[in-house]
Amino acid sequence: MKYRLFYILFLAILANFTSCKFESTDAYVQQIKRERFSKDSMFKVSDQSPFDIKGRRELVELEYYEPDSTYRVTATLNLFEHPDSFKMQVTNNSRDQDYFKLGYISFPLKGHNCKLNVFQSARMMADPQYKNDLFCPFTDKSNGNGTHEGGRFLEVTLVPGSNKVIADFNNCYNPYCAYNSGYTCPIPPSGNHLDLKVEAGEKEYKLGKVTMFK
């Protein structure tokens with residue numbers, strides 16, 4: 001009986017906590033926070049989590065900047081007629097991975113004219129379900145001072161027939177090696193640096209911080 005009461009109480013607290021997380025009436029902010037909560041929940045319970053069993057048992061909080069629509073920009077996509085093969089450096093002194101540099105996106109951000117190269121791994125290019133997914137690893141001036149020192153990842157989706165894509169830095173995220181050094185992760189190429197602080201998306205993971213989800 002006491003376990004049932006505890007379970008009911010837990011559900012009530014969780015429901016109240018969840019409603020507080022999404023208290024904003026702005027649909028865009030709600031969407032971002034739901035996606036973050038879903039990711040945090042997956043990291044806690046899934047076997048696909050980069051955290052070990054101990055880390056999943058603890059309530060690990062990932063930290064994010066508050067959603068800011070000024071970091072959601074429309075970018076111009078410039079695709080190369082013939083994509084360049086590219087050897088992407090990775091962590092752990094592992095063998096470079098095969099990617100293709102498909103082109104670049106250009107966009108204004110916080111008063112800066114920005115440009116980032118976009119890639120696809122050789123493996124994903126061979127899979128039709130990923131043909132419109134573009135990978136954009138990058139660094140910026142916030143790295144090591146609020147965000148992961150090795151840079152973060154951004155994904156953009158190609159829209160067939162259009163040269164415009166949405167680059168939403170509220171969705172940029174840390175590589176798995178930010179949480180677990182056992183993972184091998186791509187290192188953002190030197191050419192993919194933004195000369196400003198991108199204070200959006202996921203913040204630096206602070207090892208050992210254990211709290212409820214944010």
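Is Tyr64 buried or exposed? Select Tyr64 and find out. Tyr64 is buried, because its relative accessible area is 7%, and the cut-off for buried is under 20%. Keep in mind on this tour that the model is predicted.

**Stop 1**

Tyr64 and Cys172 are 108 residues apart along the chain, but their C-alpha atoms are separated by 9.8 Å. Cys172 counts as buried, because its relative accessibility is 3%.

**Stop 2: the whole chain**

Zoom out and switch to a cartoon view. The chain has four helices and seven strands. Now colour by accessibility. Of the chain's 214 residues, 39% count as buried.

**Stop 3**

Select residues 72-88, which make up strand β1. Pick out Ser85 in that strand. Ser85 is exposed, because its relative accessible area is 60%, and exposed means over 50%. Next select Phe119. Ser85 and Phe119 are 34 residues apart along the chain, and 9.6 Å separates their C-alpha atoms.

**Stop 4: the aromatic rings**

Show the aromatic side chains. How many aromatic pairs does a search of the whole structure find? The search finds 15. Begin with Phe51 and Tyr179. Their ring centres are 5.3 Å apart and their planes meet at 40 degrees, so this pair is tilted.

Phe51 is in the loop between α2 (27-45) and α3 (53-57). Tyr179 is in the loop between β6 (164-168) and β7 (193-194). The pair links distant parts of the chain, 128 residues apart. Both Phe51 and Tyr179 are buried. For Tyr179, the relative accessibility is 8%.

Tyr179 lies in the loop between β6 and β7 and Tyr205 in the segment after β7, so the pair ties together parts that are 26 residues apart in sequence. Tyr205 is buried too, with a relative accessible area of 13%.

Now widen the selection. Phe43, Phe51, Tyr176, Tyr179, Tyr183 and Tyr205 are linked by ring pairs into a cluster.

**Stop 5: charges over rings**

Select Lys110 and Tyr71. The charged end of Lys110 sits over the ring of Tyr71, 4.7 Å from the ring centre. Then select Lys115 and Tyr104. Here the charged end of Lys115 sits over the ring of Tyr104, at 4.4 Å from the centre.

**Stop 6: the largest pocket**

The largest pocket holds about 540 Å³ of space. Which residues are closest to its centre? Select Tyr99, Met124, Phe135, Glu155 and Tyr173 to see them. They belong to a lining of 22 residues.

Colour the surrounding elements next. β2 (97-109), β3 (112-121), α4 (122-125), β4 (133-140) and β5 (152-157) each supply at least two residues of this lining. By type, the lining of the largest pocket has 13 nonpolar residues, five polar and four charged.

**Stop 7: the second largest pocket**

Move to the second largest pocket, with about 460 Å³ of space. It is lined by 20 residues. Closest to its centre are Glu35, Asp168, Asn170, Asn171 and Cys172.

The elements that give two or more residues are α2, β5 and β6. The lining of the second largest pocket divides into eight nonpolar, five polar and seven charged residues.

**Stop 8: the cysteines**

Finish with sulfur atoms. How many disulfides are there? The count comes to zero. Cys114 is buried, because its relative accessible area is 7%.

Technical notes:
Residues numbered from 1 in each chain as written. Predicted model: local features only at pLDDT ≥ 70, side-chain atom pairs only at ≥ 80, totals over all residues. Heavy atoms only, no water. Phe/Tyr/Trp six-rings, centres within 6.5 Å; stacked < 30°, edge-to-face > 60°. Buried < 20%, exposed > 50% of the residue type's maximum accessible area, 1.4 Å probe, protein only. Lys NZ or Arg CZ within 6 Å of the ring centre and 35° of its normal. 1 Å grid on protein atoms, 1.4 Å probe; cavity = no way out; pocket = protein on both sides within 12 Å on 5 of 7 lines; lining within 4 Å. Points joined across faces, edges and corners; volume = space filled by probe spheres on them. Nonpolar A, V, L, I, M, F, W, Y, C, P; charged D, E, K, R; others polar. Disulfide = S-S within 2.5 Å.
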